[in-house]
Amino acid sequence: MSSPGITSMFTNFTKLCKGLALVLVVGHLLVQFVPATVPYLALIPARTIPFGWNLITSGYFELSVHGVVISTVSLLFMGKFLEPVWGSKEFLKFIFVVNFLTYLCVFVTAIALYYITRLEIYLYMPFAGFHGVLAGLLVGIKQIIPDQEVLLVKIKAKWLPSIMLVLSIASSFFTLNSAAYLPTLIFGTYMGWLYLRYFQRRPETKLRGDPSDDFAFSTFFPELLRPIIDPIASIFHRMLCGRSNATSEDHGYTTSGAPLPGSDSAEASRRRERGARALEERLATERLVPPRNKEESQSDALDSV
């Protein structure tokens with residue numbers, strides 16, 4: 001007989017994530033039973049003009065059975081922790097923006113590779129799948145609970161995006177179709193970080209992004225490489241948020257001394273505290289609360305976020 005904690009681990013998924021999972025399943029069934037829809041839904045660089053909508057639709061269906069299983073399960077579990085912290089509207093906005101920017105970068109890369117190599121495979125290869133967004137969601141996990149150890153593997157959450165990319169790049173040397181998924185994973189990770197770093201709106205302070213040192217681009221790399229990465233990343237940092245730094249004092253920041261309440265570093269710390277508290281309360285609820293009181297306790301945990 002299974003315990004309530006184990007049972008609740010595979011339940012209590014958010015309605016939004018369930019709806020998105022249904023979209024992925026329906027999209028997979030559609031292309032399986034009606035293969036003629038693939039050229040219209042998948043990103044095929046040679047057909048993107050005039051079929052520009054495939055920059056959006058390509059991310060919401062999977063071509064393989066294992067792809068749709070991995071995507072739906074990963075979405076349900078990651079959304080279970082991220083959506084209560086971000087809110088449903090911001091969670092959906094993140095998915096839409098990261099998906100679009102990821103496949104836009106994949107399109108540009110494929111066109112560039114064609115002009116470099118003159119291989120038409122880059123023009124007619126179908127790119128599709130939700131794995132770009134999943135890579136971005138892993139960055140969200142890194143942001144809100146960086147020091148939380150993942151169950152079973154005992155790896156801190158802040159290393160999940162980096163480990164995923166290293167394994168994907170390593171496996172690409174032994175697979176024939178790595179070009180179909182590797183660029184999507186790389187751009188999904190970067191676009192997820194870029195959005196959270198510079199553009200995610202925080203209603204509590206009316207500011208954007210998370211420019212804390214703990215979420216810098218170099219944190220994706222080992223300590224040994226950070227002195228090399230930081231000077232390069234700082235160039236792009238100044239390009240993307242130089243204006244916001246110039247006006248930071250108007251928003252309650254100080255560039256010398258300790259950060260004021262509402263400053264970027266303070267807000268980043270509070271965001272991580274909320275994420276860790278939400279995770280701890282959810283885990284405590286799943287493990288310890290009796291079934292009759294579990295729903296009420298989970299509601300209280302979400303309200304505290």
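Predicted model: local features only at pLDDT ≥ 70, side-chain atom pairs only at ≥ 80, totals over all residues.
Is Thr 219 buried or exposed in this chain? Thr 219 counts as buried, at 11% relative accessibility. Here buried means under 20% relative accessible area, exposed means over 50%, and partly exposed lies in between, with a 1.4 Å probe and protein chains only.

Residues are numbered from 1 along each chain as its sequence is written, and side-chain values use heavy atoms, leaving out hydrogens and water.

Let me turn to the chain as a whole. It contains 13 helices and 2 strands; these are DSSP runs numbered from the N terminus, with helices (H or I) of at least four residues and strands (E) of at least two. Of the 305 residues, 45% are buried. The accessible surface comes to about 16500 Å², and carbon and sulfur atoms account for 67% of that surface. Such areas come from the Shrake-Rupley method with a 1.4 Å probe; for residues, only the protein chains shown count as cover.

We return to Thr 219, which sits in the loop between β2 (207-208) and α11 (226-246). Leaving aside residues up to four places away in sequence, Thr 219 touches Lys 142, Trp 159, Asp 213, Asp 214 and Arg 226. A contact means heavy atoms within 4.5 Å.

Side chains of opposite charge can pair when their charged atoms come close. The rule used here asks for a side-chain nitrogen of Lys or Arg within 4 Å of a carboxyl oxygen of Asp or Glu. How many salt bridges does this rule give? The count is 2.

In one of them, Arg 226 meets Glu 223, at 2.9 Å from N to O. Arg 226 is buried, with a relative accessible area of 15%, whereas Glu 223 is exposed at 57%.

Asp 147 and Lys 158 also form a salt bridge, their closest N and O atoms being 3.7 Å apart. Both residues lie in the loop between α8 (131-144) and α9 (160-172), 11 residues apart. Asp 147 is exposed, at 52% relative accessibility, and Lys 158 is partly exposed, at 27%.

Lys 89 is exposed, with a relative accessible area of 76%.
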